[in-house]
Amino acid sequence: NATSQCLSTNQFNFTNNTVATGGSTISYTWDFADGAINTTAIASVNHTYVNSGIYIVKLTGTNNYGCKNSITKEVTVIAEPRITSQPTAKTVCQGASYELVPTVNNGGASSVSYQWYLNDLPISAGGNNLTYTINSMSSANAGTYYLKVTNAQCNLSGRSQNVIITYQEKPNASFTAGGKSLSTCVSDAEYTFVNTTPTVAN
């Protein structure tokens with residue numbers, strides 16, 4: 001049966017295709033790589049795993065002359081995807097770009113889907129990738145972000161922590177220049193510069 005199964009419903013069936021040669025009789029040992037050993041099954045055996053992961057199953061055949069041989073097969077037990085490195089909160093300046101970058105363990109699944117959320121609403125443009133980039137920061141981009149990762153095969157999902165992205169307006173720098181004259185001889189130059197930049201929130 002399938003060599004990749006969901007943790008909640010997994011049951012693997014292994015079939016022995018060993019061919020005896022030279023009229024010998026063979027005894028068999030199944031090693032399921034989780035601590036379980038079966039020495040009584042011959043033609044086939046079923047096994048269920050209690051933990052997710054990749055297991056190397058080994059079948060060893062030993063004949064009555066003490067000659068032995070073995071073969072291995074890999075099986076995968078799929079768990080829910082996990083966020084192993086969280087995206088980072090930040091205060092982002094007006095017009096700047098910022099990328100939210102998590103790291104995901106797929107839990108053994110061959111494929112997963114991604115959905116980013118802002119203030120609990122799914123992001124449509126660019127929100128279906130592992131990372132999400134704010135191309136030009138504005139007040140509309142400020143809020144609480146998180147990522148949801150889904151493995152449709154097993155109907156399992158995981159999500160990142162909430163991260164808060166704060167908008168910071170850029171100063172609108174300005175000043176005035178004055179004095180005796182804005183165009184004068186070097187010996188009589190005297191200017192006054194006044195900072196008229198308005199106060200920026202936060």
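Predicted model: local features only at pLDDT ≥ 70, side-chain atom pairs only at ≥ 80, totals over all residues.
Residues are numbered from 1 along each chain as its sequence is written, and side-chain values use heavy atoms, without hydrogens and water.

A pocket here is an open set of points on a 1 Å grid over the protein atoms alone, where a 1.4 Å probe fits, with protein on both sides within 12 Å along at least five of seven lines; lining residues have an atom within 4 Å of a point. The volume is the space filled by probe spheres set on the points.

Back to that second pocket. Sixteen residues line it, and Thr-18, Val-19, Ile-26, Gly-61 and Asn-69 are the closest to its centre. β6 gives the most to this lining, five residues. By type, the lining has six nonpolar, nine polar and one charged.

Now the largest pocket, at about 300 Å³. Of its 18 lining residues, Phe-14, Thr-15, Asn-17, Trp-30 and Lys-73 are the closest to the centre. Two or more residues each come from β2 (12–15), β6 (53–63) and β7 (68–78); strands are DSSP runs of E, at least two residues, numbered from the N terminus.

Last, the backbone. Most residues other than glycine have a negative phi. Asn-119 has a positive phi of about 50 degrees, and lies in the loop between β12 (113–118) and β13 (121–122). For Asn-155, phi is positive too, near 55 degrees, in the loop between β15 (143–151) and β16 (156–159).

Methods: Helix = DSSP H or I, 4+ residues; strand = E, 2+ residues; numbered from the N terminus. Nonpolar A, V, L, I, M, F, W, Y, C, P; charged D, E, K, R; others polar.
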